[in-house]
Amino acid sequence: MKPPKVGILLMEGTNNETEVFFSVRRSGGDPDYVHVSDLAHGDKSISEYDALIVPGGFSAGDYIRAGVIFAARLSSVAGRDIKYFIDSGKPFLGICNGFQVIMELGLIGNREEITLTNNKSGRFECRYTYMTMVSNNPIFRDAFSGKGSFQVPVAHAEGRIAVSDRSVLKRLYENDQILFKYSDPSGISDDYPWNPNGSIDSIASLTNEHGNVIGLMPHPERIYYPYQAMYTDAMKEIATGKLFYDSLISYLSGRHG
């Protein structure tokens with residue numbers, strides 16, 4: 001059986017694609033860089049892939065608003081293909097700036113109800129924290145659910161998840177759309193610095209209602225090996241990034257099995 005093919009979507013300003021590429025490959029997937037121009041020129045097609053990942057970085061310099069220009073370009077050249085891709089149940093992931101792109105595309109709720117906005121600290125936060133899975137999402141359930149906290153790096157200035165009112169938050173819980181929460185090493189959701197941006201309820205990751213569109217602010221690909229950990233005394237035997245990407249590739253392989 002061929003390894004699952006994972007497209008890594010790029011444009012000018014993305015800078016985390018190499019870490020994602022090698023994480024996918026080390027976990028047994030077949031990664032491929034897909035520049036937005038490749039889609040515009042018809043050189044590559046969304047339908048070729050089993051999963052798509054929008055990596056972190058500063059797409060288009062984050063001018064206007066983080067992720068908005070990349071989202072507009074993707075929508076113009078492949079909007080219909082992306083919708084079909086998601087409707088077919090294939091995973092579409094966005095990490096950090098990629099999460100911002102997903103939100104700008106409107107793939108996880110309405111922007112008037114759920115937003116990614118400036119960190120409460122008013123500055124760029126580059127630090128290690130922890131995340132704890134609080135969902136029953138089938139892609140990551142076996143590796144993360146009920147297993148406590150997992151160390152992970154963050155690096156962003158616009159990562160705070162905010163909702164228009166508490167009814168929106170209630171709906172996210174009811175639909176099992178909250179995937180990971182920031183936590184302290186013991187797995188308890190907490191305030192700054194463990195919640196680095198001030199997200200409501202310490203939310204670090206959201207999904208669509210079907211669980212196959214996933215946005216997360218932390219960077220699991222930056223901690224693929226235990227030696228990349230900051231707090232070695234609290235590190236798992238297998239690093240967060242390997243668990244994350246192993247889970248994704250295992251899920252994709254099962255879809256083809």
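Helix 3 of this predicted model buries Val68, Phe70, Ala71, Leu74, Ala78, Ile82, Phe85 and Ile86.

Now look at the course of helix 3 itself, which runs over residues 68–87. Its end C-alpha atoms are only 22 Å apart, whereas a straight helix of 20 residues would span 28 Å at 1.5 Å a residue. Where does helix 3 have its kink? The kink is centred on Ala78 and amounts to about 85°. Ala78 is also one of the buried residues of helix 3. Just after helix 3 comes Gly89, with a positive phi of about 95°.

Let's step back to the whole chain for a moment. It holds seven helices and eleven strands. Its radius of gyration is 17 Å, close to the 18 Å from the globule rule for 257 residues, so the chain is as compact as a globular protein of that length. The C-alpha trace spans about 50 × 40 × 35 Å along its principal axes. Of the 257 residues, 53% are buried. If you count contacts with a separation of 6 or more, 76% of them are between residues 24 or more positions apart. The accessible surface comes to about 11000 Å², and carbon and sulfur atoms contribute 49% of that.

Next, please find strand 9, residues 178–183, where Lys181 sits. Is Lys181 buried or exposed? Its relative accessibility is 14%, and because the cut-off for buried is under 20%, Lys181 counts as buried. Which residues surround it? Beyond its neighbours within four places in sequence, Lys181 is in contact with Tyr130, Met131, Thr132, Val134, Tyr173, Ser189, Asp201, Ser202, Ile203 and Ala204. With Tyr173 there is a polar contact between the two side chains, at 2.7 Å. For a sense of distance, Ile139 is 42 residues from Lys181 in sequence, and their C-alpha atoms are 16 Å apart in space.

The backbone on either side of strand 9 deserves a look too. Most residues other than glycine have a negative phi, and most peptide bonds are trans. Against that background, consider Asp176, in the loop between helix 6 (166–174) and strand 9. Asp176 is not a glycine, yet its phi is positive, about 60°. With a relative accessible area of 32%, Asp176 is partly exposed.

The loop between strand 9 and strand 10 (203–207) contains Pro193. A cis peptide bond joins Tyr192 and Pro193, with omega about 10°. Asp201 lies in the loop between strand 9 and strand 10 as well. Asp201 has a positive phi near 55°, although it is a residue other than glycine. At 29% relative accessibility, Asp201 counts as partly exposed.

Key. Residues are numbered from 1 along each chain as its sequence is written. This is a predicted model: local features need pLDDT of at least 70, side-chain atom pairs count only at pLDDT 80 or more; totals for chains, interfaces and linings use all residues. Side-chain values use heavy atoms; hydrogens and water are left out. Helices (H or I, at least four residues) and strands (E, at least two) are DSSP runs, numbered from the N terminus. Buried means under 20% relative accessible area, exposed over 50%, partly exposed in between (1.4 Å probe, protein chains only). Contact means heavy atoms within 4.5 Å. A polar contact is a pair of N or O atoms within 3.5 Å; within protein, one must be able to donate a hydrogen and the other to accept it, and residues adjacent in sequence count only if both atoms are side-chain atoms. The expected span of a helix is 1.5 Å times one less than its number of residues. The bend at a residue is the angle between axes fitted to the seven residues ending there and the seven starting there. The radius of gyration is taken over C-alpha atoms; the globule rule is 2.2 Å times the number of residues to the power 0.38. Accessible areas come from the Shrake-Rupley method with a 1.4 Å probe; for residues, only the protein chains shown count as cover.
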